[in-house]
Amino acid sequence: MMASKSVSSALWIIAFIIAVIFVVFIFYIGFDILTKGLDKPGEWIITQPFNVLVGYEIVGTDGAFLVSGVLWVVGTIIFFMELSGRTFKGFRIVRQEIKWDAIDVSTTALSAAVYGGALAATGGIPIIPGFTWVRPGNALAPLFGILFGIPGALGTSIGNFIADALAGYLGVGSIGGFIGNFIIAYVPYKLMRDHSFRTPRSIIEFYVWGVLVASVWCSLYISWWLDALQPVIGLPRGFIWGFFAPWVIFNNAFITAIVTPILGFILYPPIKARGLYWADRIRIIG
Amino acid sequence: MIDPYLVLTVIGIVILVIGVVLLAGKMKGGLILSLIGILWLFTMGLYYAFTYTGVYSSGLYPIANIIGVVLLIVGLVLVLRYWARTGVLRR
């Protein structure tokens, strides 16, 4: 009894330390951006991996385009696979039954309205003085995936599409944003084993999958799309890989690391109690 | 050169039409595709309204903020009312 209690305490301490490391690291990246200047993205720490990747030529293209291209293909396959009623179970592809009844559809509508509305409502407003880019709405994307599963992730996609129109960014690039935001919600939904935000495992899983992997994947997904459609969209490659990609990672990870665990801890019990939690609404076949 | 906004509008119409056809045939996925189509075209409507009224060129904020708040409140209230009516919130 005493031994299990001390193991539990040790796990909590490890989870707390990991959470603190993530938050401190993200604040450090933010501090680095501010001290070097918003007009010098090439000098930011978070831009350096992209500078290295763009500098390497692999099979006729540069590293950033190649690595992101692989993630783009995988992300797109997952998006259409999940919507067509198939999912991963371990390394197998199995069928899943999402009812897509009035409750699922209203969950998607709720996620879209709240996510899109929240992003647009705070657009251009410095929530923290000097930090116009901090969007509290970003914290909702992984949360909707974690709580509502595919209906929530789809709502996040639609919400981002609406927010693009309200921010003046709507264009062909928004199609990349549509699936990119699905991925932000999908990664923690699918890869976290414990969605309760009440155990050390849940907290550690959230920071690894929901903050780190989801933010990086979303950013690379959209960046590849913008790069591939450069003749149509017209954004210079230097801007895409030297500013946009690192900025999206930082922007998503910053608010997600701080706000999402708090919202998840508060909202998980009422959502679960009312039968709206995704695991209580889908059936995996096979 | 094809107008990219026309392409986006056509994609929205195609999704909505497929959704309505599936819904009419009482097939699964009709409701969600119809919702995606409606919200997609709602977004295109916002874009065209902002373009023709000059909101994009004359300054987006605070109009976009106000619409965002309205969207958030209306969406939240409508869905919560629906969930209350269907008993989801009483569980």
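Student: What volume does the second largest pocket have?

Tutor: This is a predicted model, in which local features need pLDDT of at least 70, side-chain atom pairs count only at pLDDT 80 or more, and totals for chains, interfaces and linings use all residues; side-chain values use heavy atoms, with hydrogens and water left out. Residues are numbered from 1 along each chain as its sequence is written, and chains are lettered from A and ligands numbered from 1 in the order in which they are written. Rolling a probe the size of a water molecule over the atoms shows where empty space is left. On a 1 Å grid over the protein atoms alone, a pocket is an open set of points with protein on both sides within 12 Å along at least five of seven lines, a cavity is a set where a 1.4 Å probe fits but cannot get out, and lining residues have an atom within 4 Å of a point. Points are joined across faces, edges and corners, and a volume is the space filled by probe spheres set on them. Here the second largest pocket has about 650 Å³.

Student: Which residues are closest to the centre of the second largest pocket?

Tutor: They are Phe79(A), Phe80(A), Leu83(A), Leu33(B) and Ile36(B), out of 30 lining residues. H3(A) gives the most to this lining, with six residues; helices (H or I, at least four residues) and strands (E, at least two) are DSSP runs numbered from the N terminus. By class the lining has 20 nonpolar, six polar and four charged residues. Ala, Val, Leu, Ile, Met, Phe, Trp, Tyr, Cys and Pro count as nonpolar, Asp, Glu, Lys and Arg as charged, and the others, Gly among them, as polar.

Student: How many residues line the largest pocket, and which lie nearest its centre?

Tutor: The lining holds 40 residues, and Arg135(A), Asp164(A), Tyr169(A), Phe244(A) and Val248(A) lie nearest the centre. The space in the largest pocket comes to about 1,100 Å³. H10(A) supplies the largest share of the lining, seven residues. The classes are 26 nonpolar, twelve polar and two charged.

Student: How many cavities of 30 Å³ or more are there?

Tutor: The count is one. The largest cavity has about 50 Å³ of space, and its lining divides into six nonpolar, one polar and two charged residues. Among the lining residues are Asp104(A), Phe148(A), Trp278(A) and Arg281(A).

Student: What is the strand order in the open sheet?

Tutor: Two strands pair if DSSP finds at least two bridges between them. The three strands of this sheet follow the order E3-E4-E5 in chain A, with antiparallel pairing. E3 (86-89) and E5 (282-285) are the edge strands, each pairing on one side only. Four bridges join E4(A) to E5(A), and Gln96(A) stands opposite Ile284(A) in E5(A).

Student: Which strands does H7(A) lie across?

Tutor: Contact means heavy atoms within 4.5 Å. Axes are lines fitted to C-alpha atoms, for helices over the stretch in contact, and angles run from 0 to 180 degrees between N-to-C directions. H7(A) lies across E3, E4 and E5 of chain A, at about 45 degrees to E3(A). H3(A) lies across E3 and E4 of chain A, running at about 115 degrees to E3(A).
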